[in-house]
Amino acid sequence: MDNPQQLRYSKEHEWLSAAEDGVSTVGITEHAANALGDVVFVQLPEVGATITAGETCGELESTKSVSDLYSPVSGEVTAVNEDVVSDPSLVNTAPFEDGWLFKVKVSGEPGELLSADEYTAFAAG
Amino acid sequence: MTDAPRRTALDATHRALGATMTDFAGWDMPLRYGSEREEHVAVRTHAGLFDLSHMGEITVTGPQAADLLDYALVGNIGGVKAGRARYTMICEPGGGILDDLIVYRLAEQEYMVVANASNAQVVLDALTERAGGFDAEVRDDRDAYALIAVQGPESLGILKGLSPKLSTSLEEGGAPIADLDGLKYYAGLPGTVAGVHALIARTGYTGEDGFELFVRPEDAVALWEALTAAGKDAGLIPCGLSCRDTLRLEAGMPLYGHELTTGTTPFDAGLGRVVKFEKTTNNGDFVGRAALEAAAERAEASPPRKLVGLIAEGRRVPRAGYPVVASDGTVIGEVTSGAPSPTLGKPLAMAYVDAAYATPGTEGVAVDIRGSHEPYEVVALPFYKRQK
């Protein structure tokens, strides 16, 4: 599977877009979506919430399991994807596009993030 | 003996299909091939193809095979006619459930007991031990069979496309069974499908019409491929264990290790009807009898907890082991199985709850989902029943 080159990745399988006007978009990778199976429920941080890199900020439920959602970066949540709240299967069908999860106004340096190639190797590992 | 998981005769087929595999009871089994939701829906609307070769087959033969099974199991097995099957259980002397089983009577003096993969050795050991003093032989046939299931409303039509032939000699006292249409639910007869020798059984674990085909492992790939080809236009797709679990949950069918355990009697699980105290063999004696009589009385007079269905009002999914709570936060039970239901569009659970809260419609019942009390409706099982 192709991990987009322009994104950066956490070892918890989130992706982070390059900031535009200080705001980055966060989602989970296709690798993570495939491992979860059909996602049936997402709980996202609230708009305005302050989140911290490496800490949990939500949940993803699939048929067989529940997984914590970690924030790859610290900052303030500026938007959540309401489409994915009402149709969680977007996480499976378009994890890097319509299945994005939330946007964050980045307040500090992110934690340890990987390039696309580094993440591809990590996920295969 | 190594710890490496066992592989079924269809292992290469699953991998070629891109299945996500999972370790299940010591077997490497397909969890799903693509979307478990699509697989679930296929079984409800068309048909699904399952590899169930991990199930444990035990053959019991001999002049006293029926007497042995009447003694070892809780059901009235001697009363099963050749060519028919029965759902039953094997219990400990103290009444706890060792496993739930399907027993097929293949001939007057021959039965096949099908145990859950995780319990096959336990069942084999218990039957072997209980066979002492009976003129009967207990044989481990786990390696003799692969098991392929076709489940769903199109399954009869798909099988008919494979020139099935049934032995007609076995159903005693009834009309000869000429074809698959005449094969009743919970019947099983030897025959051929796609030219492969099979025990053709109309059984399953999905809540749909369907067939389970016990074949020699060396025939499994050919049969799987023939079924795949025959079912292509009818919407048949391969299905894994993940959708099997949501299908059986919707159908309110218990799963060993969840609803059924050694800490539970059939009466505690609401399945007291499988226990037959009126047996004509062995002077009515069977393993667990006294304890089960007490359990039956307790379940009638003052049941501690009852197995109920719960339907979520929200979308968060209950998991096995989560507490069931009353409106004041008191723990009143525990979830045994939970999953999102593709058919109902809501999370479902089976749970043991205090009898005072077990009546369908009871107000104020919630499941503690990682600290959040999510409201649930108490309902009677099953959640889903197919239209016949």
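Q: How much helix and strand is there over residues 23–105 of chain A?
A: This is a predicted model. Over that stretch, chain A is 19% helix and 42% strand.

Q: And how far apart are the end C-alpha atoms there?
A: They are 4 Å apart.

Q: Which UniProt annotation covers residues 23–105?
A: An unreviewed UniProt entry gives "domain: Lipoyl-binding" for residues 23–105 of chain A.

Q: What part of the fold holds A:Lys64?
A: A loop in chain A. Strand E6 (56–62) lies on one side of the loop and strand E7 (66–70) on the other.

Q: Why does A:Lys64 count as partly exposed?
A: Because its relative accessibility is 44%. Partly exposed runs between the buried limit, under 20%, and the exposed limit, over 50%.

Q: Switching to charge. Which residues make the negative patch on the surface?
A: A:Glu82, A:Asp83, A:Asp87, A:Glu97 and A:Asp98.

Q: Take A:Asp83. Where is it found?
A: In helix H2 of chain A, residues 82–86.

Q: Buried or exposed?
A: A:Asp83 is exposed, because its relative accessibility is 52% and the cut-off is over 50%.

Q: Now salt bridges. How many over all chains?
A: The count comes to 25.

Q: What does B:Arg370 meet in a salt bridge?
A: The side chain of A:Glu59, at 2.5 Å from N to O.

Q: Why does that pair join two chains?
A: Because B:Arg370 belongs to chain B and A:Glu59 to chain A. B:Arg370 is in the loop between strand E20 (366–369) and strand E21 (372–379) of chain B. A:Glu59 is in strand E6 of chain A.

Q: How accessible are the two partners?
A: B:Arg370 is partly exposed, with a relative accessible area of 32%. A:Glu59 is buried, at 8% relative accessibility.

Q: What about B:Arg7? Which residue does its side chain meet?
A: B:Asp11, in a salt bridge of 3.6 Å, N to O.

Q: And their accessibility, buried or exposed?
A: B:Arg7 is exposed, at 52% relative accessibility. B:Asp11 is buried, at 8%.

Q: Which residues do salt bridges with shared partners join into one network?
A: A:Glu59, A:Glu61, B:Arg316, B:Arg319, B:Arg370 and B:Glu374.

Q: What does B:Asp140 form a salt bridge with?
A: B:Arg142. The closest N and O atoms are 2.9 Å apart. B:Asp140 counts as partly exposed, at 38% relative accessibility.

Q: Which domain does UniProt give for residues 305–385 of chain B?
A: "Aminomethyltransferase C-terminal", again from an unreviewed entry.

Q: How much helix and strand over those residues?
A: 0% helix and 51% strand. The end C-alpha atoms are 24 Å apart.

Q: Back to chain A. Where is A:Ala94?
A: In the loop between helix H3 (90–93) and strand E9 (102–106). A:Ala94 counts as buried, at 11% relative accessibility.

Q: How far is A:Ala94 from A:Phe122?
A: They are 28 residues apart in sequence. In space, the C-alpha atoms are 21 Å apart.

Terms used. Residues numbered from 1 in each chain as written. Chains lettered and ligands numbered in written order. Predicted model: local features only at pLDDT ≥ 70, side-chain atom pairs only at ≥ 80, totals over all residues. Heavy atoms only, no water. Patch = residues over 30% accessible without salt bridge, like charges linked within 9 Å, V, L, I, M, F, W, Y side chains within 5 Å. Areas by Shrake-Rupley, 256 points an atom, 1.4 Å probe, with all protein chains shown as cover. Salt bridge = Lys/Arg side-chain N within 4 Å of Asp/Glu carboxyl O. Lys, Arg positive; Asp, Glu negative; His and termini not counted. Charge placed at Lys NZ, Arg CZ, Asp CG, Glu CD. Buried < 20%, exposed > 50% of the residue type's maximum accessible area, 1.4 Å probe, protein only. UniProt positions renumbered as here; feature names shortened; annotations may be inferred.
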